[in-house]
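Dear colleague,

Please find the structure below, handed over for your review.

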Amino acid sequence: DCHDGLHIGDSCYRLSEDLEGEVDWETASASCVAWGGYLAVPEDAEEAKVLAQTVRPLGDVARWIGISSDGDCDGEYHAANNAQIDMGAEFLQFTSFLAEDAQVDAHCVSVHENSNRNIGKGFDDRACDEELLFICEKDMPQVVEDLSTFTCPGHTSCNGIGQYEITAGNWANDTVCGCLEGFVATGSGVECECQSGTYLAQREGTSGSAGKYCAVPRTCNKWGQYVITP
């Protein structure tokens with residue numbers, strides 16, 4: 001959930017004041033992971049604006065975000081959430097100090113201070129051991145609003161008996177699919193079958209899968225009378 005952050009779109013954002021003070025990039029990244037997320041990543045123009053303006057007060061200082069490059073490896077920039085990032089994208093308004101001065105060990109990216117939001121600068125790279133505040137982000141699961149359109153993971157109309165039910169949660173990842181009473185889940189966890197020692201039967205006056213249930217087989221004793229075998 002996002003009770004300790006700001007819920008915008010499909011993400012929850014949290015400013016580092018709630019976690020700790022100014023730290024280097026690695027410590028900031030570890031702090032966000034401990035919170036359950038990652039250093040925030042601007043994946044498109046809308047999110048870049050969220051990080052540059054919406055989640056921060058006017059006059060805010062520069063803050064670490066979740067983009068860095070490895071100077072000893074391929075030199076490419078990588079996102080903390082593994083998103084594909086084009087640092088040349090216009091919406092980033094990216095200024096590379098590394099490109100301007102090869103002596104600067106600037107491999108970690110920050111969102112620029114925003115004392116003037118019309119200054120034309122959005123994000124820049126800095127030395128990773130510089131100590132800054134930071135912004136964390138975590139993905140929010142989608143809300144389940146209509147169970148009639150919710151599909152249990154892996155379930156189809158032809159993958160077994162399919163006698164399952166859905167217990168609604170607040171989110172897609174805590175909405176539980178389970179078998180109806182009398183049925184048990186198969187190894188996949190989304191198919192249901194009758195418990196051992198029972199068989200699939202149809203309730204009287206019904207048709208289709210909704211009327212099926214697991215019945216206990218009946219056997220005859222030596223006098224021809226029906227007895228129920230538990």
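**Salt bridges and surface charge**

Glu130 is partly exposed at 29% relative accessibility, where buried means under 20% relative accessible area, exposed over 50%, and partly exposed in between (1.4 Å probe, protein chains only). This is a predicted model, in which local features need pLDDT of at least 70 and side-chain atom pairs count only at pLDDT 80 or more, while totals for chains, interfaces and linings use all residues. Residues are numbered from 1 along each chain as its sequence is written, and side-chain values use heavy atoms, with hydrogens and water left out.

The structure contains five salt bridges, each defined as a side-chain nitrogen of Lys or Arg within 4 Å of a carboxyl oxygen of Asp or Glu. In one of them, Glu130 pairs with Arg126 at 3.1 Å, N to O. Arg126 is buried, with a relative accessible area of 18%, and also forms a salt bridge with Asp124, the closest N and O atoms being 3.4 Å apart. Asp124 is buried at 2%.

A network of salt bridges links Arg56, Asp60 and Arg63. Within this group, the side chains of Asp60 and Arg56 meet at 3.3 Å, N to O. Asp60 is buried at 8% relative accessibility, and Arg56 is buried at 3%.

Glu43 is partly exposed, with a relative accessible area of 40%, and lies in the loop between β3 (38-39) and α2 (45-54); helices (H or I, at least four residues) and strands (E, at least two) are DSSP runs, numbered from the N terminus.

Kind regards
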